[in-house]
Amino acid sequence: MIEMHNVTVHYQKDAPALSGITFKIPKGDFVFLTGPSGAGKSTLLKLVYGAVRPAIGHVVVDGQNVTRMTRRQLPFLRRNIGVVFQDFKLLPSRSVYDNVAITLEVLGWEKRDIGKKVYHVLKQLGIEHKIDASPQRLSGGEQQRVALARALVNEPRILLADEPTGNLDDNNKDQILRIFKEANIRGTTVVIASHDKRVVHYSHHRIIHLEKGRIKESQDVAFPA
């Protein structure tokens, strides 16, 4: 589902953001990317949806070589990828409904079908009563759910998340993680970048650990509860 072969990314010539990255994530897998700040976790996620191009190597997603794609081809790849950004990237002047609906509008869904789908996914996440609210009036946990609803509304094959539990209390962290797990059970491949040891260590999923732009460890880890 996601493959990287000897990938190197340069932001500065003398300090690669990622170097010699090689791994495979099978379809339906659930993977955590871990490592300290600046290790390259966010850059790795950006490679998957084509926001960053490698200087060396190849990135293959859902059978397509992202490295060779043109700008016009990337939107077709991204139709099957849901992304939850670290800063949410919600539209502050638009309602919760609008923030989630925009994904389906871009894909050309009928207005009637969009309404049904948006309400359904908001209900799944327990925030359907906030459908007309402004994101600015929501708590951090509620904003996170809206961002997740936007990423999930078109049932993507791949779901990427950058620090999705940051600044949340333990109860909200558990609820957000449960939503990711439910998506994974339905067949979505999930990749989460996180430095939250509590979330990672007790989730019993594969871990790819990065340090200074290199993979230091990649394994299936089951920590005791």
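Leu-33 has Ile-208 of strand E9 as its bridge partner. The model is predicted: local features need pLDDT of at least 70, side-chain atom pairs count only at pLDDT 80 or more, and totals for chains, interfaces and linings use all residues. Residues are numbered from 1 along each chain as its sequence is written, and side-chain values use heavy atoms, without hydrogens and water. Strand E3 (residues 30–34) pairs with E9 in the parallel sense over 4 bridges. Two strands pair if DSSP finds at least two bridges between them. Helices (H or I, at least four residues) and strands (E, at least two) are DSSP runs, numbered from the N terminus. In E9 (residues 206–211), 5 of the 6 residues are buried, so this strand is largely enclosed by the rest of the structure; buried means under 20% relative accessible area, with a 1.4 Å probe and protein chains only.

An open sheet holds 4 strands in the order E2-E1-E4-E5, with antiparallel pairing. Strand E2 (15–25) and strand E5 (64–65) are its edges, each pairing on one side only. Strand E1 (residues 2–12) is joined to E2 by 7 bridges. Val-7 has its bridge partner, Ile-21, in E2.

The axes of helix H5 (residues 140–152) and helix H6 (residues 170–185) come within 11 Å and cross at roughly 10°. Axes are lines fitted to C-alpha atoms, for helices over the stretch in contact, and angles run from 0 to 180 degrees between N-to-C directions. H5 is therefore roughly parallel to H6, a term for angles under 35 degrees. Contact means heavy atoms within 4.5 Å. Residues making the contact include Leu-148 of H5 and Ile-179 of H6.

Definitions and conventions
Angles under 35 degrees count as roughly parallel, over 145 as roughly antiparallel, 65 to 115 as roughly perpendicular and the rest as oblique. Buried means under 20% relative accessible area, exposed over 50%, partly exposed in between (1.4 Å probe, protein chains only).
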